[in-house]
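Here's a model to look at together, with a few questions to work through. Take your time with each one.

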Amino acid sequence: MSGDIARDAVGDYRYGFHDPENATIRFDKGLSEQVVRDISELKNEPEWMTEIRVKAYHRFMEMPMPSWGNCDMLNQIDFDAVTYFLRSSEGTEKDWDDVPDDIKNTFDRLGIPEAEQKWLGGVTAQYESEAVYHSIREDLEEQGVLFFDMDSGLKEHPDIVKKYFCSVVPASDNKFSALNTAVWSGGSFIYVPKGVHVEMPVQAYFRINAKNMGQFERTLIIADEGSSIHYVEGCTAPTYSTESLHSAVVELIAMEGAKIRYSTVQNWSANVYNLVTKRGIAHSNATIEWVDGNIGSKLTMKYPAVILKGEGAHAEVISVAYAGKGQHQDAGAKVHHLAPNTTSNILSKSISKNGGRSSYRGMLQVTPKAKGCRSKVICDALMLDADSQSDTYPTMEVGNSSADLEHEASVSKVSNDQLFYLMSRGHSEEEAMGMIVNGFFEPFTRELPMEYAVELNRLLELEMEGAIG
Amino acid sequence: MLSIENLHVSVDDTEILRGVSLRINLGEVHAVMGRNGSGKSTLANVIMGHPAYEITSGDIKFKGTPLKEMEVFERARAGMFLSFQYPSSIPGVQVGTFLRKSVSAVRGDEAPTAREFRKELKSHMDALEMDKSFLARYVNDGFSGGEKKRLEILQMLLLNPTLALLDETDSGLDIDALRVVAEGINSITPRAGCLLITHYQRLLDHVKPDYVHVMIDGKIVKTGGADLAVKLEAQGYDWIEA
Ligand SMILES: Nc1ncnc2c1ncn2[C@@H]1O[C@H](COP(=O)(O)OP(=O)(O)O)[C@@H](O)[C@H]1O
Ligand SMILES: [Mg+2]
């Protein structure tokens, strides 16, 4: 055995297959005010939404690229080469059999219909720009739970959408939230009525198939007083030599005493820019939990945020990032303690391998009137070889002295002794590495629904192997 | 079964083993004693294939195959087992999962079914007086010295080796734990060879060695029967060096 644990090859990306592109409507590449208006018109949107889009478009054009994160990679994005809207199916079906065959096959291969039958309360499956399939269990519908793809949500419940859209993430929050607001399409709209607990998770699956595609889904989840919901999302794309852009905005509103858990396993292929703004507002005694896994993509910049607006609100952000060859995961968490006695826990774990880079970027804010807050931040980085990189950029703004804040950070390497120990129990070097990596991510994986956890573990094991046939 | 011929081993150009020869046959228990730093752990680690050590000359064969041709995991699958002096912790990996995976890796086609495995596991854990709450803990993470040693012996029993290398498995154990661990060792020795590194006669009261070797400065300087251990306990090592 060689003590050198570096491996050149990265594990095969098993979701890299693609279908023939059978677009029914495909916009020319590039962006203009007309493109934005065309998207809105095509969707028959109310005037106010068109106006929001157009305004956001101009904000996007004016705003500079972020000057942090990974500027080199960001500046490589060619906004003129992106396809901003692509419709691949005539409608959103309620029955998988009505979904066009090639698209249905894709989701079969991804195991979505099977998962739906076994353990989900509802599913939305988005392919390119729009949902091709959507369903919700009858019992949830009977309890008044609204679960739509975002386009249908806007059609069916325009007043709720109007009230909350951009209320958590304003269009001008950052360049990419402006872009999303201008060209958004798809995503989920959920409203959970007072006191209703949605026991089974609902899932959204996002698939990009076309080359140079831009996917801009928009998600809005409102959990009314004392209700709860667990939303799970997954995403994959084919591997192309040219880049695709995924730029979503997610807004969560947890009313008094409500609880929203939002779990993500992001596994984009290594040619996807993943630039996502996720933020939630937690009112009194509400809880928002982001469980956020970033395994794929070329560059991810994503910092799930919680605004603790009401007294006693709680935020939980558990995230993991895996950065392999050519990847940069710039991820983290932001928590704003605006009210007294609010609490937060942030746990961030990252692994870098084969020259990959992972960064933790965190923001913890405690305002002067937020007395008696508690927050704990733990950042652990694991480096699998000497070429890889890990860095942390924690920021704290603390406006009063009553806050109880803890911050721990560690960077570690896999030791030869750990590998030797596992190998002496009959495991190959790759298997041993896979076990160590899975163990490192365990505090994250145990929070996922079991099916996702198993899949994630398998994925990481594959990443640890050389080439897989 | 295990034959070591004139083995020289270095770490970073410093020679640690300076010509060790040893033969262990099936069913034999060989105790290796010696002061701290004399090279006992190095010997056990080299036999198992630790990457830090370089064999500069000499040869080790296991069942006729030169070990340099075998990777660490292949040695394990071929029936070798090392109970570590300082077992590594693997945070986040549960003992139960780890044991199941290791048993199927090492025993391959002959691995027990899930049901048989649970039965085996329970009977060994009962024998070692280990509570089942162990299974949900992370491998060696936050374990006391004694807990680590029990887990090593539990692994040995489950993996059922033909050559067991036990490196100070008795250190840090109280009398009861020592008895339990010794019973574990005795239960495999009729079918396995055993290299038992220890400082203390008290383990050898329970596990009777066929040979006792004294290692000083990277060499086996004296070999005798069980009575040699008794003498070492009483008189220390000075008389050998003199
Ligand atoms: N991995 C290593 N790196 C450097 N020195 C080592 C290493 N392993 C053992 N040594 C040195 O080799 C000598 C023998 O160590 P060891 O085999 O652990 O002795 P024992 O088990 O008899 O106490 C000691 O001087 C020790 O410091
Ligand atoms: Mg030792």
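Q: How far is an oxygen atom of ligand 1 from an N or O atom in the side chain of B:Lys40?
A: Keep in mind that this is a predicted model. B:Lys40 is one of the residues surrounding ligand 1. A pair of N or O atoms counts as a polar contact within 3.5 Å. Here the distance is 2.9 Å.

Q: Which residue has a side-chain N or O atom 2.8 Å from a nitrogen atom of ligand 1?
A: Watch the ligand's atom type here. The side chain of B:Ser41 has an N or O atom 2.8 Å from ligand 1, but the ligand atom there is an oxygen. The nitrogen atom pairs up with the side chain of B:Tyr53.

Q: How much of the accessible area of ligand 1 does the protein cover?
A: On its own, ligand 1 has 550 Å² of accessible area.

Q: Which helix gives the largest share of the shell around ligand 1?
A: The shell divides into 3 nonpolar, 6 polar and 2 charged residues. The largest share, 3 residues, comes from residues 40–48 of chain B, that is, helix α1.

Q: How many residues apart in sequence are the parts that the protein donors of the magnesium ion tie together?
A: The magnesium ion (ligand 2) has B:Ser41 (OG) and B:Gln85 (OE1) as protein donors, 2.0 to 2.1 Å away. B:Ser41 sits in helix α1 of chain B, while B:Gln85 is in the loop between β6 and β7, so the pair links parts separated by 44 residues.

Q: Is B:Gln85 buried or exposed?
A: Buried means under 20% relative accessible area. B:Gln85 has 16%, so this residue is buried.

Definitions and conventions
Residues are numbered from 1 along each chain as its sequence is written. Chains are lettered from A and ligands numbered from 1 in the order in which they are written. This is a predicted model: local features need pLDDT of at least 70, side-chain atom pairs count only at pLDDT 80 or more; totals for chains, interfaces and linings use all residues. Side-chain values use heavy atoms; hydrogens and water are left out. A residue is near a molecule or strand if one of its heavy atoms lies within 4 Å of it. A polar contact is a pair of N or O atoms within 3.5 Å; within protein, one must be able to donate a hydrogen and the other to accept it, and residues adjacent in sequence count only if both atoms are side-chain atoms. Accessible areas come from the Shrake-Rupley method with a 1.4 Å probe; for residues, only the protein chains shown count as cover. Helices (H or I, at least four residues) and strands (E, at least two) are DSSP runs, numbered from the N terminus. Ala, Val, Leu, Ile, Met, Phe, Trp, Tyr, Cys and Pro count as nonpolar, Asp, Glu, Lys and Arg as charged, and the others, Gly among them, as polar. Donors are N, O and S atoms within 2.8 Å of the metal (3.2 Å for Na, K and Ca); water is not among the atoms, so sites may look incomplete. Buried means under 20% relative accessible area, exposed over 50%, partly exposed in between (1.4 Å probe, protein chains only).
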